[in-house]
Amino acid sequence: MPVTTDRYNKEAIMETTFKVSVMHCGNCADRVTKALEALDGVSAEVSHEDGMAHIQHPEQVSVADLEAAVRTAGYTAEPT
């Protein structure tokens, strides 16, 4: 579901939240953040403390794309 629209190109911005497995420290969260934000237009806030990733992304970046980025960082993600 779109949560907002980019004011410059009127593109819908989606919000997705994941439970990310096995993050034990800030470096873990940084790795997941970097992997997610490597995707075009993605912004992420990741916390190892609660094991959650809150992600804003354009419609063309799918949940599967986000999950693949988290896997690339060495973790698993489950949408909440």
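Here is a short note on this structure, point by point.

1. **What you are looking at.** This is a predicted model, where local features need pLDDT of at least 70, side-chain atom pairs count only at pLDDT 80 or more, and totals for chains, interfaces and linings use all residues. Residues are numbered from 1 along each chain as its sequence is written, and side-chain values use heavy atoms, with hydrogens and water left out.

2. **The overall layout.** The chain has two helices and five strands. Here helices (H or I, at least four residues) and strands (E, at least two) are DSSP runs, numbered from the N terminus. Of the 80 residues in the chain, 38% are buried. "Buried" means under 20% relative accessible area, "exposed" means over 50%, and "partly exposed" is in between (1.4 Å probe, protein chains only). Now take contacts, meaning heavy atoms within 4.5 Å. Among those between residues at least 6 apart in sequence, 57% join residues at least 24 apart.

3. **Helix α1, end to end.** How far apart are the end C-alpha atoms of α1? Helix α1 covers residues 26-37, which is 12 residues, and at 1.5 Å a residue it should span 16 Å; its end C-alpha atoms are 16 Å apart, which agrees. The expected span of a helix is 1.5 Å times one less than its number of residues.

4. The arc is that of the directions from the helix axis to the C-beta atoms.

5. **A closer look at T33.** T33 sits in helix α1. With a relative accessible area of 16%, T33 is buried. Leaving aside residues up to four places away in sequence, T33 touches A44 and V46.

6. **Helix α2.** Which residues of α2 are buried? They are L66, A69 and V70. Looking down the axis of α2, these buried residues fall within an arc of 100°, so they line one face of the helix. The exposed residues R71 and T72 are on the face of α2 turned away from its buried side. The cover over the buried residues of α2 includes β2, α1, β4 and β5 (77-79). Just after α2, G74 takes a positive phi of about 100°.

7. **How the helices meet.** Two packed helices are described by the angle between their axes and the distance between the axes. The axes of α1 and α2 come within 8 Å and cross at roughly 140°. The contact is made by V32, A35 and L36 of α1 and L66, A69 and V70 of α2. Axes are lines fitted to C-alpha atoms, for helices over the stretch in contact, and angles run from 0 to 180 degrees between N-to-C directions. α1 and α2 are therefore oblique to each other. The cut-offs: angles under 35 degrees count as roughly parallel, over 145 as roughly antiparallel, 65 to 115 as roughly perpendicular and the rest as oblique.

8. Is A38 buried or exposed? A38 is exposed, with a relative accessible area of 65%. Its C-alpha atom is separated by 8.3 Å from that of A69, 31 residues apart along the chain. L39 is partly exposed, at 24% relative accessible area. Not counting residues up to four places away in sequence, L39 touches V61, D65, L66 and A69. L39 and D65 are 26 residues apart in sequence and 8.4 Å apart in space, C-alpha to C-alpha.

9. V22 lies in the loop between β2 and α1. Phi of V22 is near 60°, a positive value in a residue other than glycine. V22 is exposed, with a relative accessible area of 55%. M14 is in strand β2, and at 14% relative accessibility M14 counts as buried.
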